[in-house]
Amino acid sequence: MRCTVCGGALSETITDLPFNVGDTSIVILKDLPVLECERCPEYLIEDGVMSRVDRILARTDSSAGLKIIRFAA
């Protein structure tokens with residue numbers, strides 16, 4: 001698979017990413033599997049992983065300012 005921004009190769013990796021879940025709340029998902037471009041900072045979250053991310057974020061209390069959750073593969 002190729003990067004849609006620069007055409008570089010995408011490779012599987014594990015990273016931590018922040019997600020806004022409200023006006024003042026951020027959830028950091030640790031150990032998230034993504035496809036990362038080898039040439040630019042672009043990344044891709046595959047559909048199955050994104051579905052799980054959506055479910056996790058839907059269950060998160062948005063009143064907390066910052067929450068860190070480990071994504072279990």
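**Note on the predicted model**

1. Residues are numbered from 1 along each chain as its sequence is written, and side-chain values use heavy atoms, leaving out hydrogens and water.

2. T60 sits in the loop between α1 (47-58) and β4 (66-70); helices (H or I, at least four residues) and strands (E, at least two) are DSSP runs numbered from the N terminus. A polar atom of the T60 side chain lies 2.8 Å from the backbone oxygen of I56. Beyond its neighbours within four places in sequence, T60 is in contact with V27, K67 and I69 (heavy atoms within 4.5 Å).

3. The largest nonpolar core has 13 residues, of which F19, L29, L32, I45 and V53 touch the most other members. Such a core is a set of buried Ala, Val, Leu, Ile, Met, Phe, Trp, Tyr and Cys residues joined through side-chain atoms within 4.5 Å. At least two of its residues come from each of β1 (10-20), β2 (26-37) and α1. Another core, apart from this one, has 5 residues, including C3, L10, L35 and C40.

4. The structure holds 0 disulfides (pairs of cysteine sulfur atoms within 2.5 Å). For C37, the nearest cysteine sulfur is that of C6, 3.4 Å away. The sulfur of C40 is 3.7 Å from the closest one, in C3, which is too far for a bond.

Note on methods:
Predicted model: local features only at pLDDT ≥ 70, side-chain atom pairs only at ≥ 80, totals over all residues. Polar contact = N/O pair within 3.5 Å; in protein donor to acceptor, adjacent residues only side chain to side chain. Buried < 20%, exposed > 50% of the residue type's maximum accessible area, 1.4 Å probe, protein only.
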